[in-house]
Amino acid sequence: MQTTKKKGFTLIELLVVIAIIALLIGILLPALGKARRSARQLKDSTQIRGVLQGMVLFAGSNGDVYPVPSRLDRNDNTLNNEYDEPGEEDITRHMISKLIFDGFIPAELGYSPAEVNGSFQEDKNYEFDKPSSITDDDRAERAEWDPGFMATPLDNSKGDVKFEREEGAATAGGFSYAHIPPFGRRRAMWANTYAANEASIGNRGPAYERDGTTAWQEIDSENVSGDGTKPLGNTSITKTMHGTRTKWEGLLGFNDNHVTFFRDAAPDKILVTFDRATQPEAKTQPDNVFHDESDVRGEENLEQTDVQLTGTAKLDNRNTYLRSYYKANKAGGNWTISPFFD
């Protein structure tokens, strides 16, 4: 009786197949990762443009100026004199909340698809009707926005004024982006100026300092507590939103409503001319959008020598400076802000 030999894979054939599959995975994974990064960048660009469009639409009915809460709540319907000085309410949370409340942007547009900080999340508890963070019922009826909206994770923990929502509401930061603070000379940039070289909003970024020349380097923050109040440079997680662990890359939105991806925090497209630079060749330079340089010398802002210790920035300059912040304070006639750093 003749027997039939069973057919099957030999061990060598099986190993060859496995090797081919591993090789294909090795080839495809980087391509898939690049595709995911490109898709994330495209979606983030669309969201920043959406916020910009909301700002422009708002400005169209408000003298071409983006939301400035101290101008909008003069009858104290929303904040009722909780702040000591007019202008202290002009912080990220209230400016963005006004855009959401009036329907110029949805709350989810504030949460970046590239977000890497777990202390941020989409605000799904935004209150359009009688915000619970306003305890007076009559004022809640007339509210101009929901003051319980949190832009940064520090809004209800480090600020002087707290607006608590009802129990169970989200307490994470709901706005992933940085923007121009509307104080001093920069107030004119928080407006629909149509300027293609004025960045007014973008991804968050690390803190920088001069490296002894006209070049920039991230500050050394290896021993700095990451509680959000102190500047972070080489340890900032914002770099990994679109860049790498060692270099920031990201998106910036401009006042002519276009958004561009940059591979440097001091892009050649954004130039600043200083009044009295120490070196003639340094008078006009690319502007670092995350540093408050001196308009006069183009160096560190020497009038605010403790910026890296206190985390505050003195707002007496007009060069581009993008931060989200949880506190604004006026002292000695000058404004400072307390940015959130991560």
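A residue counts as buried when its relative accessible area is under 20%, as exposed when over 50%, and as partly exposed in between, using a 1.4 Å probe and protein chains only. The structure is a predicted model, in which local features need pLDDT of at least 70 and side-chain atom pairs count only at pLDDT 80 or more, while totals for chains, interfaces and linings use all residues. Residues are numbered from 1 along each chain as its sequence is written, and side-chain values use heavy atoms, with hydrogens and water left out.

Helices (H or I, at least four residues) and strands (E, at least two) are DSSP runs numbered from the N terminus. In helix α3 (residues 92-101), ten of the ten residues are buried, so the helix is largely enclosed by the rest of the structure. Just after α3, Gly103 takes a positive phi of about 80°.

A salt bridge is a side-chain nitrogen of Lys or Arg within 4 Å of a carboxyl oxygen of Asp or Glu, and a search of the whole structure finds twelve of them.

| Pair | N to O distance |
|---|---|
| Arg165 and Asp123 | 3.0 Å |
| Arg186 and Asp292 | 2.6 Å |
| Arg318 and Glu198 | 3.5 Å |

Arg318 lies in the loop between β9 (313-314) and β10 (325-331) and Glu198 in the loop between β1 and β2, so this pair ties together parts that are 120 residues apart in sequence. Arg318 is partly exposed at 38% relative accessibility, whereas Glu198 is buried at 11%. Both Arg165 and Asp123 are buried, and Arg186 is buried with a relative accessible area of 0%.
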